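The following note sets out several points on the model for the attention of a colleague. Please read them alongside the sequence and coordinates.

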Amino acid sequence: MEQLVLAVTRAFFRDATAEIEQAVQAEPDARQRIRVYLTGVGTAMRRHSNAFYDDMVGYEPTAQIYRKNSAAAAHRVHELIEEGVQTGVFRALNGHFAAHVVAVTIDPVQSGVHLERTGLTAGDAFSELGDLLLDGLSSGQGASAPPSTAGRSHRGQVSTPR
């Protein structure tokens, strides 16, 4: 029985990865490729019930498979960020840092901490991560304050003028 559970879990991630990569390759916009990737992860994770997800992360052999795939997802996002930097779609930034932020966010989704604290499903959390990574906290309404009007405190924190 254990081998069947592991085979089903591996097949899920293998099939989901192939489906997501097909969608990513079909997207010509490097910026949107990240959104397509993380939304695809979210869509794939939504195929499971909460009970399945809890069982997957609660059973060490399947949790290992999930951790391995979560690490691969963070690595893939790093590749997509670097691709965007190289093509000039993203500003020059440290892609390793951005990918690390994604990885640090994926870990508590995987463990359930983010899910418990936010009420999101794993699928919703991955989709939200893509939106946050690409859109930040902007509502899309109006322009944000130009960088020249913001100052930095002595601790390097951004403060806005009053």
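1. Arg10 lies in helix α1, helices being DSSP runs (H or I, at least four residues) numbered from the N terminus. Arg10 is partly exposed, its relative accessible area being 44%; partly exposed is the range between buried (under 20%) and exposed (over 50%), for a 1.4 Å probe and protein chains only. Although 59 residues separate Arg10 and Asn69 in sequence, their C-alpha atoms are 9.4 Å apart.

2. This is a predicted model, in which local features need pLDDT of at least 70, side-chain atom pairs count only at pLDDT 80 or more, and totals for chains, interfaces and linings use all residues. Residues are numbered from 1 along each chain as its sequence is written, and side-chain values use heavy atoms, with hydrogens and water left out.

3. Leaving aside residues up to four places away in sequence, Met45 touches Phe12, Tyr53, Met56, Tyr66, Ala122, Gly123 and Phe126; contact here means heavy atoms within 4.5 Å.

4. Buried residues of α7 include Ala122, Gly123, Phe126 and Leu134. The 14 residues of α7 should span 20 Å at 1.5 Å a residue, which agrees with the 20 Å between its end C-alpha atoms; the expected span is 1.5 Å times one less than the number of residues. Gly136, with a positive phi near 60 degrees, follows α7.

How values were computed. Helices (H or I, at least four residues) and strands (E, at least two) are DSSP runs, numbered from the N terminus.
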